[in-house]
Every structure is written in structure tokens, then in C-alpha cells.
Amino acid sequence: MAVCIWSFVFVWISLMIRLGKGQSFEPYETSHVALIGWTQRSGAIKFDCAGSYLGKNIILTGARCLERDGALADVVRLGTAMGSPMDFHVHNVTVHYRYQAEYYYHNMAIIILKEDPQAVSSRFKPACIYSHAPPIPEGRVHLMGRDAEGSYLKTELDLVDSDKCHEYYSPTKKLKYGALLVCCMCARNAEIAKCASELGSPMQIILEKNGKRVPFLVGQKTIGRSCGTKVPGIYTRLSSDGHLPWIVTIARMDFYNHDACMEKY
């Protein structure tokens, strides 16, 4: 009997590792979290980038997440963090009009899927976008995504004001203007050793109204470690005047009306 119990435990642990599930989450926290993948010549799919489901057939991710070794991203996986992964096929992509590959700025892209995930399964709920400029309520946010070992983690980060962030990021080849806070935001948690490491990992807050708890995206990972170091990571700020209008135009959805977005839950 003891052997059977330990066998079950081993299988359960193996399954959790395979699914990349590091913590337990409420469905509303992760039903929008996506993985961006490329089909290899062997037929296997490699995932090493993240994104967020915004509704309809729209996935928000980073422009630097669309190609690996000459292969274009062709698969989006939802539900991994919930333990029920499902793959969807890429129909088209649109890169932010100001993105330039030689720089980190405006690192944004929208993937249009062939299918609408909500039409396939009601368990997939889209994230909203926090359309107000920082400061974020309480000055703290959550980073959702996989660490280097593939385990999903939710990490609380402290936002770092622009003046402080500039102290850590001097202008470089890919950061020509340093940590340009018009388009970016910085956050860190030096007390935590591990957190999401994939580009495009969503930064979010949870807003509550009438008993509903809904994820609102405030940014997505661009460069740098966000935990285990005092140097803050840099995130693409979604509420920027150069970003949110572009998202609204390409996705053809209204993200300015927070109450309307919450009604989707």
C-alpha cells in the first residue's frame, strides 16, 4: 500500500513539473497567461517566451518573441499554469510600428490566432489592461510566468520610480536613452531568488468589484532580472500613450473602460 501511495506522489510531482506548475493559483490569475512556441523540424514545439490573452483571438507579447533561429512563432499555448494546456495556431502577427530590433524600446507585438480560445473553452478568460498611468495602487505588482526551470511563479514586485531606475541603466547600444520611462517601467524584488524569466511575462494587478477579481495588465517583461538583485528589471508599460492606443487599434477592443472589461468575468 505504501509503495502505491509513493508511486502516486511521484507521478503527481512529475506531472506538475511537466506542466510547468510551480505554485497553486486561482483561475482568474492565470487563465490569460500564454506561452509562445515554435514547431521544430522534429515536430516538437519549443516554448521560451510568454504572452497574455486579451480576448477574441488576440495575444499580446514581445516583438522579440516572434522568431527563433529562423523559425517563426506558430503556436500559442494557454492553460499550462492551470494544469490543462491547449494549443492554438498563429494566423498573423503585427509588430509595434516604433519597434526596432536594435533597441529594446517598444518591444511589443500582437499575435492573431486562427481560433478564439473562449469559443473553444470557457475556462480561458482574457486579461484587462490598466489604462491609467503609474503610480499603481500600493506601488506593488505581480509578475506571472515561468522561471528558468519551467515552474510557474507569482512574484510580488516593488515598482521603482524613474529617477532611481535611471541610476541602474546608463545608455547602451540597445538602450540608447537608458531606461526611457515614457515607454517603460521598472520593478524588482531582491528578497526572492526566483521569478519569471521569459520575455513577455505579464506584470499585473488584481482589481475587485462586486465580488469579481480580475487581472489587469500593467506591463510585460522586456529585459533584466526582476528578483534576487537590487537592479530592477525593465518592463514595457502598457498604459503609455504610444502603446495603449496601438493595442486598442490592432485588437479592436476598448481597454479604457475598466468596468466593461470586468464584466467579461
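**Exercise 1.** Determine in which sense strand β12 (residues 184-188) and β15 pair, and over how many bridges.

*Solution.* Step 1: β12 and β15 pair in the antiparallel sense, with 4 bridges between them; strands are DSSP runs of E with at least two residues, helices are runs of H or I with at least four residues, and both are numbered from the N terminus. Two strands count as paired if DSSP finds at least two bridges between them. Step 2: opposite Y235 of β15 stands M185. Step 3: strand β14 (residues 212-223) also runs antiparallel to β15, joined to β15 by 4 bridges. I234 in β15 is the bridge partner of I223. Step 4: for β15 (residues 233-237), 5 of its 5 residues are buried, where buried means under 20% relative accessible area, exposed over 50%, and partly exposed in between (1.4 Å probe, protein chains only).

This is a predicted model, in which local features need pLDDT of at least 70 and side-chain atom pairs count only at pLDDT 80 or more, while totals for chains, interfaces and linings use all residues. Residues are numbered from 1 along each chain as its sequence is written, and side-chain values use heavy atoms, with hydrogens and water left out.

**Exercise 2.** Characterise the surroundings of E156, including the residues that E156 touches.

*Solution.* Step 1: E156 belongs to strand β11 (residues 152-160). Step 2: E156 counts as partly exposed because its relative accessibility is 35%. Step 3: leaving aside residues up to four places away in sequence, E156 touches R140, V141, H142 and N189; a contact means heavy atoms within 4.5 Å. Step 4: with R140, the side chain of E156 makes a side-chain polar contact at 2.7 Å. A polar contact is a pair of N or O atoms within 3.5 Å; within protein, one must be able to donate a hydrogen and the other to accept it, and residues adjacent in sequence count only if both atoms are side-chain atoms. Step 5: M144 lies 12 residues from E156 in sequence, and their C-alpha atoms are 9.1 Å apart in space.

**Exercise 3.** How many aromatic pairs does the structure hold, and what is the geometry?

*Solution.* Step 1: the structure holds 1 aromatic pair. Step 2: F88 and F124 form this pair, with 5.8 Å centre to centre and 80 degrees between the planes, an edge-to-face arrangement. Rings of Phe, Tyr and Trp (its six-membered ring) pair if their centres lie within 6.5 Å; planes under 30 degrees apart are stacked, over 60 edge-to-face, and the rest tilted. Step 3: the pair links distant parts of the chain, since F88 is in strand β7 (residues 86-95) and F124 in the loop between α3 (117-120) and β9 (128-129), 36 residues apart. Step 4: F88 and F124 are both buried.

**Exercise 4.** Where are K56 and R252, and are they exposed or partly exposed?

*Solution.* Step 1: most residues other than glycine have a negative phi. Step 2: K56 has a positive phi, near 50 degrees, and is in the loop between β2 (45-55) and β3 (58-61). With a relative accessible area of 40%, K56 is partly exposed. Step 3: R252 has a positive phi, near 60 degrees, and is in the loop between α5 (244-251) and α6 (258-262). R252 is exposed because its relative accessible area is 71%.
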